[in-house]
Every structure is written in C-alpha cells, then in structure tokens.
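Hi,

Here is the structure I promised to pass on.

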Amino acid sequence: MLARPGLPSFEYVQAANAAEVHSLMQQSGARLMMGGTDLFPQMREGVCEPETIVDVKHVPGMRDLSYDERLGLNIGAAVTMNQLVRHRDVQAHYPILAQAAHSVASYQLRNRATIGGNVCNASPCADTSPAVMVLEGVMVLQAKGAERNAPAADFVTGPGQTAIEPGEFLAAIRLPAPPAGAVGRYLKLGRSRLGDLSIVGVAVLGYPDPAAASGYRFRIALGSVAPIPLRAPAAEEILAANTPSEETFAAAAEEAMGVATPITDVRAGATYQKMMVRALTIRALRDVWAELAPGKGA
Amino acid sequence: MTHATAAASQRIGGTIGRSVRRIDAHDKVTGAATYADDLLAARGPGLYYGRLVRSPHAHALIRSIDASKALAVRGVKAVVTGEDTPTRIGLYLKDRHIFALDRARLVGDPVAGVIATSEEIAEEAARLVEVEYEELPAVFDPAEAIRPDAPLIHPELGEYEVVNFIFPKPGTNISEHFKLRRGDVEAAWPQCEIIVEGTFRLPPIQHVPIEPHVAISLWEQSGQVTLWTCSQSPFAQRDLIAQSMGIPHGNLRVISPYVGGGFGGKAGVSMEACAVAMARAVKGHPVKLRMTREEEFICTNARQSLEAHTKIGCDSQGNLLAMETRYIFGGGASNEYGVNIARAAGYSCTGPYLIPNVKGDSYCVYTNTPVGSAMRGFGMPEIHWGIEQIIDQLAEKIGMDSAEFRRRNCVKTGETILTGMEMPAINLEACIDKVTEAIQWDRREPPSAPHKRRGKGIAIMWKAPAMPPNAGSSAVVRLNEDGTVNVEIGAQELGQGAFTVLAQVAAEALGVPYEWVRISAPVDTRYSPYEWQTVASRITWSVGNAVMAAAGDARHKILAVVAEHWDEDPADLDIKDGLVMSFKSEREQPLEGLVVYGLPNENFEGWKGGPIIGTGNFMPTYVTNLDFETGQGTRAVVHYTVGAQAVDLEVDTETGQLEILKIASAYDVGKALNPDLIMTQIEGGAVHGLSSAFEALKFDEKGRPLNNNLVDYRIATVADIPREIHGDIVETPLEDGPWGARGVGEHVMVQTAPAIANAIYDALGIRFSDLPLSAEKIFLALQ
Amino acid sequence: MHTITVTINGAAEYLAVRSNMTLLQMLREELGLTGTKNGCEAGECGACTVLLDGEPVNACMVLAVESDGHQVITVEGLAEGDELAPLQESFIELNAVQCGFCTPGMLTSAHALLQRHPKPTEDEIEEAVLGNLCRCTGYVRIVDAIRDAAGSSASASGKGGAR
C-alpha cells in the first residue's frame, strides 16, 4: 500500500559469466536482475526482499540479438525493449515482436526493460509474451553445465510463476524463422491511449498454408485476460477451416473471447476485458488479412 | 494563437499587455531552479530525516503506541506522537491534530514520526513502532456520512474553534451547512414548463503535482524555528503552525523556494506541521521529511468527493425560473480547509445563471478518506459537473439550442445574483460566442470511421476567489544604485507565472523596463511582506494591486525628490523607461544613482532624497457577511471570473475510447497583462480538466487505497491531449483590478468535464452522471 | 560499498556507493546535481530522466553502481557554458515551462530525441516524451518547443500544431 522511499538494503553483484550466475544463485535470498524495472518497484513495495541482486546482463550472450535466415532470431534475455524495436531484422521478420516491445511503458523504461525480465516476471499483462507465443518461441534455460529448451507456450505457469527450475536461468529466447509470408499484429488496449499496462493484449500471426482448408493459418495469443498468456486454439481452428471473411473473423473472435478468464480489478472489469478480446481480435485479424491478401476483402 | 479582442494588443505602456519572457524560465531550463527537496540535498552530519508511521485503518481508536523497538535502532534519534502535539490546527475549523492523538481517521493518518540519521533507518524504525488500534466502523461515501446513524468521525466537533462564517453541526458528521434561499421555489415550480432533476457524483481525486510534498524544519535552542517547504501558503502555514504549537509568529520562519506544481494541494497545512513537530524533538538538527508518491496520493490532500442532487425548471420561453440543489461534499478525515469549499459551492450554487428562485443547501461532511482540501476550482468543477449537464437536459427538453439557452440565461453585468450581490462587469455571452465560433457549433461533422460517433458539447462557468473576506496582500519595491528594482512579495511562483506578471506590474507602475525588475525569492516570512496564500486565482488581482501601490509609492517618492530639485510641480513629471522627465521643462534625470544616493544641491551644498523604498498593500474591504438562514448579503465575494468551453470529440463504439478532437476555451480575464501566459493557462487547464474527468482515487471496502501510484492513477500524458486546443481572451475590465485584470488560473479547468459529457451525449445519446469516465464505462453503456 | 568511476557531464567522478543507491540518489545526494528531480521513484513520471551513454533512462530505475564506467548527462550538462542549447532557448521562447519540475526530464528526453532524429515526426516527439509527465502545460508548448528546436516548425500539423 505504501512503498518505502528508496530501495531496501541488498548486496549487488555482477556476474561475469554463466558459471558465476550459477554459483551466486546458490546464495540464499539471491535474485537475478536485468533491467530492474519490475524488480525495483516490487522491492519498494516489499513484495520481494532479495539479500543479493545478481546482475546477469553482462554475462556473454545476454545482450546479443542475432538473426539467421534458417535458425531464426536469437534474443539474449537481457536484450532491451528498445533494442528489439530498433533492430532491422526484428522489424523486417518479426514486426509483431517490435510492436509488442514498443507498446511497453515509455521510451526511457524501454531502454532498461528487457524481454527476459518481461517474460520471467510472468505478469499476466506482459506485452511480449503473446507475441513470443504466436512466434512459437523457445526459452533457453541454462542450468549448470546443461541447457534445455522450454516452449514459450508452457513457459508461464501462473502469475509470477514460470517453468524455470531451481538452478536454471533464462539465457535467451529463440524464435524460429517465421512461416513464409507471415503477417503479425499485436494490438493492445490500455486505459489511456499509450503507455499503460495492457488490460487486453491480442497477438495474431497469419500466413498462407495450402494444407489448411482456408488456405491460411492464424495463430492467436491473448495477454492480460487470464492468469497466464493464452493461445486460442479453437479460434485458430475456425480460421484454418473457413475462408477468411467478416463472419469467420467474428466466429474466431467469439472463440477467443471464450478462452479469456479475466478478473475484475482496479484496472478493468472482467466483462469489458472479455468483450475487448473479441473486438481486438477482430481488428487484428482484419489488419493481418488486409496485409496477407491485399485487395481480397473480407 | 488567437486573441478575441484587439484590446489584448493595446499597449498601455511598454510592459502591460505584452507577452514578455517568463522571469523564472532560465533557472528552470538549466536545472538551477531550487525546489524544497534540493535544499540540504546532500547527506551530511547533523542532517536528520523523518518518516511517518501511518494508520492502516480508516477509522480506529489509538489504544497505545510503543516506540521502544524503534528507538533501539542505531541511528534513531527520537519518535514523536500525538501526545507531543495535543493542540488542534486548521485554517477555518481547527479539527486536526498534527499527529493523530487518540483516533485515526483515514488509512494513512500519521500517528507517529521517527527521526533518524538517514531516511532508510527512519523507514526501518517506523516499521517497528507498535501501535495498538481498536477499529471503528468507517464511512466513505458522503451521502452515507451525512445520515444521522452514520459512524461519528469527530465526536468533539462542538469543541472546535471555528471562524464566524462556517457552521458545523455537533453530533453529526456535518462540518458546514451553507443555506441559500432566494425567492420562492415552491411557488415557482408550477410556473415551470419543464423541470429536470438529477443526481451527479464525483469521486475524490488528487492534484498530482510532479513534485511531491517536502518539508525541512530546524528548531534551534534559541526558540527560532525554520520551515523550508514547497508551499502555496508560507504565511498561512506560519500562522497556523505558530498558533497550534505556541511559537511566536516572529520566531517561525517559513521559506518556500519554487513550487513544483501546487493546484491547491500545497495550500494550507498538511505534512509540514509534522516536520516542525519532529524538529522540536531534535533541536539544532534539521529534519527532512519527504512524501513518497504513494503517500502523496492519500496522505496529503485530495479534492473532495461530491454527491449533488439538483432540480431545475424553466418556462416555455426557456427562461430559468427555479433551482433547488443539495450538495454533499465528502470532505475526508479533516475538513479544516474543505468547509469553505462547501460554502463557496453554496453561494455560487446556481452556476453562472440568473435564477430568480433558488433553494440551495451545501454540506461538507466528514468521511474516512484523504483530507479534502483546496484544489484548482475550489468546489466549482464539482458543482459545474452536474449544473452544466442538467442545463443541457433542460435546453433539449424545451427544444432550444443549448448554447442559445446559455446565452439567454447566463448572468450579465449589473444583475442581482443569487446572494443579492450585484454582478460586477463581465461578458459571458462573448465567451460563449467565441467558443461556439471556434468549435463551429452549428456544423455537424461526420465521424472519421463507421464505428465512431462524433459529438460537440459546450459548458460555461463562473468562479469567485474563495477566501476570508479580508485576505490581504502586501509588497515592497526597493530601488538599487543602477536603477534596477527588487520587488518583495509573499506570493508564490507555482508555475502559473505570478513572478513574471508581478514584475510586469512593478515595471509598468514605476516606469522602468521589465528587464530591470527582479522578484525577491524565495519567499521567506522573515523578510517577505505578508501574503494570505497563493490560491483562489487572486495573485494577479490582489498582489498585483499591492505591487502597483508599492511601485506607485516609490514613484511618488522619486518624483518628489526630483520635483524639489528642479523646483517643479511633481504633477508635471513622469518616469518612463527609467528616466524621470518633465513635460514642462523637458529636463531628464536617470534613475541610476538618484534612487539610492539622492541628488546633490546646486554647488554641492547638501543633498536631497535618499534610498527609495515603496510599500503597498491591498485588502478588499467591501465583502459583507451573508445571512446564516438565507445566504443573502450585499457583497458575497470580490468578483467572478467567467468563461466557456466547447468540445468536439469522437467515440469509438467498439472500445468505448474517446478522442478529443478539439477544446475551445474563452475566458473574460478583465485585462490580459501577459496574453501568452494566459494562453498557457488555458491550454494546461483544458488538459487538466480533460484528465480530471478520467481520474478517481479508489479504495477497497476498508478504505485502503487501490491506486495510489502513477500506474493505476493515470494522469494525461502527451498522447492524451486534444488534437487542437484553441483559446480566446475576452477583456471586460474589473473595477479594482490592476489595469482591469482578474484571475484565471483555476477557471480554465472548471467546466471541461461537463463539456466532454455533453459532447458524449451529443455523440451517443447517453448521459454520464457519475465521474470518472472511462472507455469501459462508455462501452458498457453502449451495450 | 562499490568504488565506481563515472563521467558526469563530461567530468570523471570517483565515488563509493552503496548497492542500494540509485543513480538518482547519487546525482542528487552525493554530487549535488539537483536539477534531476525525484517525482515517483517508480519509473513512471520521468522527472529524473538523464542520459546514460546518450540514451534516456529513469535515474530512479538505475543503480548507481551500474553507471560504473559509463557516461551520464543531466540537465546541468545541456548548455555549453553560458550558452543555452537550442532546446533550452525554445522552451523559454515558447513558454514550455511552468512549474519547472518536469522540465529537466523533458529536456533530457527531448535532447536524446533530437540526437537520434534531428527532424522528428509528431509520433517521434510523442514517443520521446510519453514517459515525462507534466501537470501544468498540457504538453502543447513542450511539443511546440521540441519542434521549434528541431527547426521543423514548417511541419507543425497534427497534435498541438493548430495554434
């Protein structure tokens, strides 16, 4: 209710490499830090009280952002939102991720806020999570001497909860090369036009697929409307099965609304959030369709 | 930028009516401008910090306080509690303890203060102070708090000291009841063709200055006490704290550097008195006390909530005949300042309309919510929210254009208004004309997309400076060797441009270039002349008059010396651009030298003159008391400023989101002393008003805040502003204003919210009677 | 305690800082650079915006120790001696200043904007100062002044450009 002035006491340690991260993580009360933009407010509010903060952004690779046509995009966990927004390959091949990153808070905060922090904080309203989910990203989790990949789809397990096991840390997020011809859109609704936390976030990725009855496939992920970010499989099936049209979009959006289980809080009421899932899904589908099949109408 | 009248550009002299550069701007763009937190910014030995222990309960008896664990923390110097400050404090009604004595009345009420060598230690120790509470039933809603069976928040109300124009009702939560009775409403209702009735509600909101409250106090062994703070009211703070703590006024020195936004929130006393009480416990050491943003939202001041019930009727021609209104302000845990908001709402309860039959009751009631206090508009944004919508409803029912309905019924110069006072010269019709023209009122424009709806709305306003009848101002003008001028005032620069305009006034009244004038800042009650408070949009007018008088006094003294020296009649002399000149002999004498050293007699046989100092003051002497039963009196207030706003907006029916396309404003400022500074008030006020329509302090069922941070209490950002803000200035001179000027600082946001609501109605046919607005609320109403 | 070296407004500073000291506290309390303001300590108001290696950050959201080896520019570092930067001149000329508490953060944000986009679009100006709250001006003059400083007043259309 009443946050303290300044930050409580802790010890700051900078980890130079992964091995150091692993050894420092063993200390009781240790907490990893990248941008700190979620962590510091939580510390002021007393939500978390780490004894040691381990700054992991200087670990080699953590701030690397590289693209390969075949392998896709490798995003170090400590890559900032603005790095993503500005990066040519992200803009060219993963514009939906650039849109999601750009929608986060303010320019200043995006210079500090990291994608790893955004997904690991596992807030239901994390903007990059839905985008990473429709891009079918993989979370690279590093344990001592071992690395495993966790699909983004199952990464967040609850508010503030992730699939990260003790002894692991998020080193990178890998996004496969997007399907040929893919078009993405992230639409976010806040209480004000820009800069708010999302009360509804909808990510839609569409691409041509001759194997689908409709000739197209769409992936839909929702943020802020459930304890965790969600895919909307029933909506995706409708879109794969039926020719894109206003009716199809409306039916799909209805299904997307169906998977949303928001709660009423100080930011928004559940009914509004659900109905906005529908509204934003339709808008995102229209936008994506207009770019996928220019002039075809809907 | 557009200005309504050619008069705006009429040059009276070199400075008045000219948009000179702000006197404070250079300091502010270089980071050199000093604010309270910048004083004693560096940690150093001997500087202590304070943190407050706050009640977690909205209403509770304090059974015991055990500070022993806190006092055992290394670095903790003292802990003070309500027992150290048992006397009450308050502006109009002394209903407050500096630290809660036996009872906490809101979540966040200060119950103890911990002083330590660092803020961090003080914070840790404050968490160790053990307070035993006995929770009491709490009440948050004003309509519930006024009921006879509501939990009593101030059982001792009858014992409180109160000014003679405020009327608390002991044994209830009612701290003020203002009654306005004019004509006979019961007889008038049958004559009405149309009657509309409605209830309108506003939640408490916060000022949200970007600078949170900061106070530093030093209590010296000698009994000299200093308080450095960001204050709209250095003198009122000196007065109230001195009275409450038994300090001779001459021993208490309040110094206020630049204020980082006030909007009323830094008027009167809030946490500053805590700092002084804490300093007394550690004599010889300055104690720095700062509010976090989270505290700023709930522990300083807020705008009061309001429930307004209004019934209004007109004849078949659209002439207003009767109004009956009941305002219940939720004044929060203390109403020491807020009682006068209810009073101001009472004596202006009709809004800017001439209505022959009026029955108005305006109440301030205690609630277990943040302390309601002055906020930009002082009751007027609250009452205009309902008035300006119900007027629209009436106009619609009678089938008249709502702008035309306002033109017909709005108050005009010389009319006898609801209190029996004759309306001083204003031109509200011209303001209506300006905004209807700017918004293209008669044109219906299509929305930009099929799922959007477009609408226009208008609202008008009035507001008088709300203050004690005899709130005074004073000024000193000192001339320097080179002819430059230092102007001493007790008024504050809050961002509104007061220092600039007062320097213009001094320059013009003395006859020197604006660039020669300096304002002696910071305001320091030891050296600065008396000023009641920087509130009520009264500075340009009241302090302007005092500075004009002081500069006139200095001018008079200078001319007397030179006239004697030249053996001429002072009436034939004038000062222009820093030169004394004679119309008769055409002789000239620069001010340089003369204003300090005087002038040598011929043949150097003696001297004339001496250092020139001019003094002046101003206090309205003509305001009368109002009858307790009827609110009638010859002169309720000093004057009114009036204005109009029109809004053009679009609603996205798929999301409920609003886009404000344009806000057009016009205000009758009497005389624009600095037109561009008025435009910046108009622009900033339009956005403040727009933002306020979406703001609310929210609490859970126990009175605990849910959004006391900038994430969940959102104020307008650059992305929320209207696409266009248009401003017009109307100039109908005020009889006793400097060059005819009256204030406009608050007025610029008073009617923005109802103008938006009227435009939403125009777009959607849906009326919102309760604030805040939100996209969610609009969307759900559309379903 | 950490010993750090940081270049502030062009001059190297050697400091010993506690782990929990923010860059904001270091600037204000250790170095007396009080132009950078404390408005919320939560990264929400932008009053503490400074440039870290040329990019705007909320100084309340950066640990002092993290600035080790980096360059920091504050509002005090925008003018060249007595010569105000064009942005500062524009803020004065267009009355973009009222209470002045948001001004240092506005100026540093805008300064960085003009470094990366010498001729910013309306959207770029909006993006640059979205995180800088102002309660006085209604932002109109601030946007005007940034546009003015960029010398792109010819493109003054759209938001706030109607005056």
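A bit of housekeeping first. This is a predicted model, where local features need pLDDT of at least 70 and side-chain atom pairs count only at pLDDT 80 or more, while totals for chains, interfaces and linings use all residues. Residues are numbered from 1 along each chain as its sequence is written, chains are lettered from A and ligands numbered from 1 in the order in which they are written, and side-chain values use heavy atoms, leaving out hydrogens and water.

Now chain B. You'll find 18 helices and 31 strands in it (DSSP runs: H or I of at least four residues for helices, E of at least two for strands, numbered from the N terminus). Its radius of gyration is 27 Å, close to the 28 Å that the globule rule gives for 783 residues, so chain B is as compact as a globular protein of that length (the radius is taken over C-alpha atoms, and the rule is 2.2 Å times the number of residues to the power 0.38). Along the principal axes, its C-alpha atoms fill a box of roughly 90 × 75 × 50 Å. Of the 783 residues, 69% are buried (under 20% relative accessible area, 1.4 Å probe, protein chains only).

Where do the chains meet? The contact (heavy atoms within 4.5 Å) takes 29 residues from chain A and 33 from chain B. On the chain A side, A:Met1, A:Leu2 and A:Tyr272 lose the most area to chain B, together 25% of what that side buries (buried area is the accessible area, 1.4 Å probe, that two parts lose on being put together, summed over both). Chain A and chain B bury about 2,500 Å² between them, with 52% of it on carbon and sulfur atoms.

Cheers

Conventions: Buried means under 20% relative accessible area, exposed over 50%, partly exposed in between (1.4 Å probe, protein chains only).
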